[in-house]
Amino acid sequence: MERSMRVLLVQDSTGHSTGYHVISRGLRDAGMETVLGGAQIPRAIARLAVDEAADAIGYRIMDASPTILVERLMEELERVGLRGIPVVVGGIVPEEDLPRLTALGVAGIFQPGATLDSIATFFRDLAQRTARQA
Amino acid sequence: MYDPTVVAAVAAAQAEYERRVQEILSQAGGAVAPPRTQSGLPLRTLYTPADVSGLDFFADLGFPGEFPYTRGVRPTGYQTKEWTRRQVVGIGTAEETNQRLRYLMKQGQTGFSVCGMGYANYDSDSEHALGFVGKGGVWIDTLADMETLLDGIDMRAVTINQIGHSIPIFAMILSVSEQRGIPIGELRGTIQNWVTPGGEGPARRGNGSVDILEFCTRHMPSWNNSSISVRNTRDQGCTAPQEVAFGCFQGAYTLRAALGRGLDVNQVASRMSFFLSAENDFLEEIAKYRAMRRLWARLVRDRFGATDPRAAMLRFHVQTSAINLTRQQPLNNIIRASLHALAAALGGAQSMSVNSFDEVLSIPTAAAATLSLRTQQIIAYESGVTKVMDPLGGSFCVEALTAQVEEAAREILERLEAMPERDAFDAMDEMTRDEAYRRQQAIDRGEMKVVGVNCFADAPEDDDAGQPRIEALRYDPGCRDKQIRRLREARERRDPRRAEAARQRLAEAYGQRENIIVPMRDAVTAYLSIGEISRIREEALGEPFVPTTWNFGR
């Protein structure tokens, strides 16, 4: 049976949240459970991921530097025992940041122009190969 | 406006014409869905006087500078006052932003508009600032940063626009003005202020947005006390009639809050301004600006009983749309932004910022920002459209669309006004999100064309349709260390006793729900930082710390 997934969606700041809300609705319509975590710093995201028993994190980054925030997030996730939980980044990600984000273990990166279907498919595939939080 | 017998004859001929068109279309391959504007308003494929037969020239259109200002708020339009060239700037620390501002002013920029100032309620050395400092706008910690930001800029010569309505930032602008011996009553500019539910009781003590309205009305006669910002809502996906309705709703809400504080409707409304978008649907956008001028004028006169003609004039700044700009084939964005800007010029904007083609990649480079300024200058000086006032007024199509947008907006406005205030604000968010989702689905299905994205897109092996590779501006991660040094220096240099006195005075003002502007000016003048000020407010009001709100007074 196809497994559903509980995705924690967070963003780096409160403004410019169009994509964040559109994707939340798109994932829900595609049968996934989404938790809207709002604008959070990496430490709070890690805590939320534990509290919400998230299977994956969708992180909208537009106003801040993706490499700096993701590096910190990965450290925080390790600290709370969630090493390996898939982190998917969406937003405005500079080309020069892509290799670093991949090296940090980001599961996927979606740039402006990505379709809702491509994002939902990605998460659905992720659900099939990801361990769930107990 | 037209002879009824002529209109009847035209209507009959129009019906016959449409019948012929349908015949041709059905022969050519079946029924075609009737066209609609981007916002979903029904369109005809051809307009005649029969579509505007209900218009009363004097009541609905009139002359520029005359009620209901459909054709413009000034009798002379751009002939005596060009729109302000006000490109948004915000990059790195105050030093880099100051350099960019001065550069653009040499290139012909005539207004000041800086983003990033005071968006966050914490200092650059906070954990919350990690990855942010100077990335999506300038970072300001203390008055020392504002002094640097305004260095070499003549505050009497330019009109200053404060993006966001952070009260500490507003207070810093006042403080620099006083340092330079410029009475604040002489300052010209705008604060992006509007009132949302909050504060206490009918006088709304504790709502900082109302404090701003009160302070500006009493002390700053040349400063726009508000800039009702629906541009960003539009950029989050709402439609043109929603943009108009939400703007009028928030404008009316702001005005009512000012009246609740005992202010005069004519004085306050005369200094209200609006911040609008310029979207893809060219004709609908021009109609939108005209419709909103008419709707707002009637609202302020009929609902609020304003008698000063200036109170009913809708004056607005336009920042062209960003939601339509594409990462794919980014040079296409130059064309999009030019069309957006042209619509704003034809719609009679007072001030403009044209988004740069590379903003979908990063903060614009100096070259891209200059190109945006050139876009404005080419429209103003080469296209010829500024020589005639409201040049599309009288177009059967534009007049019909103006009436449609106004009517659709009026319906939404009435629905909102019938709701409890908080519900109305929630409803605007909900409607906007619904539209954003619909829009994305329409793009994904190819129903809404986006050139270079869902049509005329590159195959993966192609090189951006032959466009040269864009070198986007790179973020310097050392920016935060530089800003933290600036903050520490400012703290070391300040007079600790004066800082402590200002701290106590501010806490007391918050506790007693005084108008916060003057105590805030004293606090920033003593070089208290924005982070320190937020802690003072938090302790005085016992409210939890909210890391990212744009206002300290709500």
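**Exercise 1.** How many helices and strands are there in chain B?

*Solution.* Chain B holds 18 helices and 9 strands. Helices (H or I, at least four residues) and strands (E, at least two) are DSSP runs, numbered from the N terminus. The model is a predicted one, in which local features need pLDDT of at least 70, side-chain atom pairs count only at pLDDT 80 or more, and totals for chains, interfaces and linings use all residues. Residues are numbered from 1 along each chain as its sequence is written, while chains are lettered from A and ligands numbered from 1 in the order in which they are written.

**Exercise 2.** Explain why chain B counts as being as compact as a globular protein of its length.

*Solution.* Step 1: the radius of gyration, taken over C-alpha atoms, is 25 Å for chain B. Step 4: along its principal axes, the C-alpha trace of chain B spans about 85 × 65 × 45 Å.

**Exercise 3.** Determine the strand order of the open sheet in chain A and its edge strands.

*Solution.* Step 1: the 5 strands follow the order β2-β1-β3-β4-β5 in chain A, with parallel pairing. Two strands pair if DSSP finds at least two bridges between them. Step 2: β2 (33-39) and β5 (108-110) of chain A each pair on one side only and are the edge strands.

**Exercise 4.** Describe the surroundings of strand β1 (residues 6-11) of chain A.

*Solution.* Step 1: β1(A) pairs with β2(A) in the parallel sense over 6 bridges; within β2(A), A:L36 is the bridge partner of A:L9. Step 2: β1(A) also pairs with β3(A) in the parallel sense, over 5 bridges, and A:V7 has A:A56 as its bridge partner in β3(A). Step 3: 5 of the 6 residues of β1(A) are buried, so this strand is largely enclosed by the rest of the structure. A residue is buried if 20 or more other C-beta atoms lie within 10 Å of its own, exposed if 12 or fewer, and partly exposed in between, with C-beta atoms placed from the backbone. Step 4: the chain crosses from β1(A) through α1(A) to β2(A) in a right-handed β-α-β crossover, meaning that, with the strands pointing away from the viewer, the path from the first strand over the helix to the second runs clockwise.

Key. Rg over C-alpha atoms; globule rule 2.2 N^0.38 Å.
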